[in-house]
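Trainee: Could you show me how to read this model, one feature at a time?

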Amino acid sequence: MTPPTATMLGFPILLSGVRKIFNTHAGNSVVAIDDVSLEIEAGSFVVLVGPSGCGKSTLLNCVAGLDRVDAGRVTVNGQPVTDKVTPGISYLFQQDTLFPWYTVEKNIALGLRYAGLMDDAESQKRIDHLLEVVDLKGVRKAYPSELSGGMRRRVALCAALVMQPRVLLMDEPFSALDTFTKASIQQYLLKLWDELRPTVLFVTHDLEEAVTLADRVIVFSRRPAVIKDDLKVELPRPRNVYAVKDSPVFLSDYQRTWRALRDEFESEMPRP
Ligand SMILES: Nc1ncnc2c1ncn2[C@@H]1O[C@H](COP(=O)(O)OP(=O)(O)OP(=O)(O)O)[C@@H](O)[C@H]1O
Ligand SMILES: [Mg+2]
């Protein structure tokens, strides 16, 4: 893959006074996000956590151009997000989005093919490199049904990164994986992020995952989401996702995030 250069760095993202209201089929309006402002540095890895339904996916959709804000502004690389898909963005969802009738390498190549960006040789070079990093060279001709869940997630990660996005949106991408499969894909992700340095907005409910990956963890309140905490994770990079959990910094950052979130749930917790 092309080595990272200053010009390849991810785009900065700016949200200013963002408000998003949905009108439901039942005729109610739901304020999903209320007056959220965030400045996200180019090439940083930012993780969003918060109670279910607080508006995290909505926020990603507003950055992607899939949802329109009702008030405030979202800019990516200084350009206002419109109702068209924001250029330079890849989006990795929780659900499996691979096409079952294409092989691994064809699934990864699809974005490049639709964009008509490059000749086959260059595109093959990118795909080879990605498959090598995520240890999937041996299954390039396999179909998704022949892979484990963790392998399919690695293919989906390659499909998102093959476009060399400037912004990578990830919405609970590893939530279905067991602890060890999750740790290994996190390590692959960090390696690829370090090569390309897209700006990452990553949503998770797993606080361990949040601290392991992030430069910054943003904790949202219940809906309508407002920012409760904004934590800078001081763990050095490159990170070893296995070793990092033994660090006292990890523990204190984890506890701070847990406490910020715990307050949101405490009133409803059953008593022991
Ligand atoms: N298209 C829609 N129409 C109506 N309401 C919506 C729509 N999309 C989201 N909402 C509502 O907006 C709120 C925020 O939803 P969102 O999916 O962003 O939450 P979330 O933080 O991603 O939750 P989870 O952690 O469960 O994925 C919820 O109350 C949801 O019901
Ligand atoms: Mg969501």
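**Reading the ligand shell and a helix pair**

Mentor: The largest share of the shell around ligand 1 comes from α1, which gives three residues. Helices (H or I, at least four residues) and strands (E, at least two) are DSSP runs, numbered from the N terminus. This is a predicted model, where local features need pLDDT of at least 70, side-chain atom pairs count only at pLDDT 80 or more, and totals for chains, interfaces and linings use all residues. Residues are numbered from 1 along each chain as its sequence is written, and chains are lettered from A and ligands numbered from 1 in the order in which they are written.

Trainee: How many residues surround ligand 1, and which are the closest?

Mentor: A residue is near a molecule if its C-beta atom, placed from the backbone, lies within 6 Å of it. Here 13 residues surround ligand 1, and F22, S52, K56, S57 and T58 are the closest. At least two residues of the shell come from each of β2 (29-40) and α1 (56-64).

Trainee: How do I read the packing of α2 and α3?

Mentor: Two packed helices are described by the angle between their axes and the distance between the axes. Axes are lines fitted to C-alpha atoms, for helices over the stretch in contact, and angles run from 0 to 180 degrees between N-to-C directions. For α2 (residues 104-115) and α3 (residues 120-133), the angle is about 130° and the axes are 10 Å apart. The two helices α2 and α3 are therefore oblique to each other (under 35 degrees is roughly parallel, over 145 roughly antiparallel, 65 to 115 roughly perpendicular, the rest oblique).

Trainee: Which residues of α2 and α3 meet?

Mentor: Contact means C-beta atoms, placed from the backbone, within 7 Å. E105, I108, A109 and L112 in α2 meet S123, I127 and L130 in α3.

Notes
Contact = placed C-beta atoms within 7 Å.
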